[in-house]
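Please keep the sequence and the structure in view while reading the points below.

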Amino acid sequence: MTDLLKRVNKLRSKKEPTLGEIAYEKIKEAILLAKHKPGEFISENELATALEMSRTPVREALKELTHENLVEIIPGRGAVVKAMSLKELKEIFELRQFLECGAAAVAIEKITDDEIAELEKVWQEFYKQVQQNKEIDTETISKHDNQLHTFIISKCDNSHLNSVMEMINQQIHRNQLLVAIAHGDLADTIRQHLEII
């Protein structure tokens, strides 16, 4: 019976994603990468055309994104990328501070010197590029920022902490990218990450 369940799970894991799942991933990625800004209306028709699918899977995806607080459906007007109030933003970053400081205290015992050296190498390279006035893509910085914080959480080996951080991480990630774009001081961002490391 166990072998049968393993085979069934293997087959399920290989199934092709539905159009709704594809639309969900693509729209969510665009929001998290600030390609759709907070307060911006997003058209089902335009999304469907861009994704080369009908409006039905796009509508499903937008409905799912409302549950994640990324999109708000306004009756009679359509979908809008949800903006966060300063209070909400402050609360999320306070929560992150509590969780990640505690996680860092646990993770420090489990992170190897080689792992720290590898992290430092990446961020030192970014710093070198900034010092040489080379342009660095904010999406690349954002991606590595997310990887660093996720890595610290993962070293705690705590499934409950992982679940909580996953829930708030997308809001953190989206807002960090917007701040990085507005702030424009990548050298400062890079220095902060080197301090963490």
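Glu68 and Lys28 form a salt bridge in which the closest N and O atoms are 3.1 Å apart. This pair links distant parts of the chain, 40 residues apart: Glu68 sits in the loop between H4 and strand S2 (71-74), and Lys28 belongs to helix H2 (residues 19-32). Both Glu68 and Lys28 are buried. The model is predicted, and the protein has an average pLDDT of 86.

**Confidence of the model**

- A pLDDT of at least 70 is reached by 88% of the residues.
- Among the elements of the protein, helix H4 (residues 55-67) has the highest mean pLDDT, 94.
- The lowest mean pLDDT among the elements, 55, belongs to helix H1 (residues 2-13).

**Salt bridges**

- Side chains of opposite charge can pair when their charged atoms come close.
- In the whole structure, a search finds 9 salt bridges.
- Within helix H5, Glu91 and Lys87 lie 4 residues apart, about one turn of the helix, and their side chains meet in a salt bridge with an N to O distance of 2.4 Å.
- Lys87 counts as exposed because its relative accessible area is 57%, and the cut-off for exposed is over 50%.
- Glu91 has a relative accessible area of 41%, so this residue is classed as partly exposed.
- A second pair in helix H5 is formed by Glu100 and Arg96, which are also 4 residues apart, about one turn of the helix; their side chains meet in a salt bridge at 3.2 Å, N to O.
- Glu100 is buried because its relative accessible area is 13%, and buried means under 20%.
- Arg96 has a relative accessibility of 8% and therefore counts as buried.
- A network of salt bridges links Glu44, Arg55 and Arg59.

**The largest pocket**

- Rolling a probe the size of a water molecule over the atoms shows where empty space is left.
- The volume of the largest pocket is about 410 Å³.
- This pocket is lined by 16 residues, and the closest to its centre are Glu100, Ala104, His149, Ile152 and Ile196.
- Two or more lining residues come from each of helix H5 (86-107), helix H6 (113-131) and helix H7 (138-154).
- Helix H5 supplies the largest share of the lining, 7 residues.
- By type, the lining residues of the largest pocket comprise 12 nonpolar, 2 polar and 2 charged.

**His149 and its surroundings**

- His149 is part of helix H7 and is one of the residues closest to the centre of the largest pocket.
- With a relative accessible area of 9%, His149 is under the 20% cut-off and is therefore buried.
- Apart from its neighbours within four places in sequence, His149 is in contact with Arg96, Glu100, His193 and Ile196.
- Two of these contacts, Arg96 and Glu100, are the partners in the salt bridge of 3.2 Å described above.

**Glu52, an exposed loop residue**

- Glu52 is found in the loop between helix H3 (44-51) and H4.
- Its relative accessible area is 75%, so Glu52 is exposed.
- Glu52 and Leu19 are separated by 33 residues in sequence, and their C-alpha atoms are 9.9 Å apart in space.

Note on methods. Residues are numbered from 1 along each chain as its sequence is written. This is a predicted model: local features need pLDDT of at least 70, side-chain atom pairs count only at pLDDT 80 or more; totals for chains, interfaces and linings use all residues. Side-chain values use heavy atoms; hydrogens and water are left out. pLDDT is the predictor's confidence in each residue, from 0 to 100. On a 1 Å grid over the protein atoms alone, a cavity is a set of points where a 1.4 Å probe fits but cannot get out, and a pocket is an open set with protein on both sides within 12 Å along at least five of seven lines; lining residues have an atom within 4 Å of a point. Grid points are joined across faces, edges and corners, and a volume is the space filled by probe spheres set on the points. Ala, Val, Leu, Ile, Met, Phe, Trp, Tyr, Cys and Pro count as nonpolar, Asp, Glu, Lys and Arg as charged, and the others, Gly among them, as polar. Buried means under 20% relative accessible area, exposed over 50%, partly exposed in between (1.4 Å probe, protein chains only). Contact means heavy atoms within 4.5 Å. A salt bridge is a side-chain nitrogen of Lys or Arg within 4 Å of a carboxyl oxygen of Asp or Glu.
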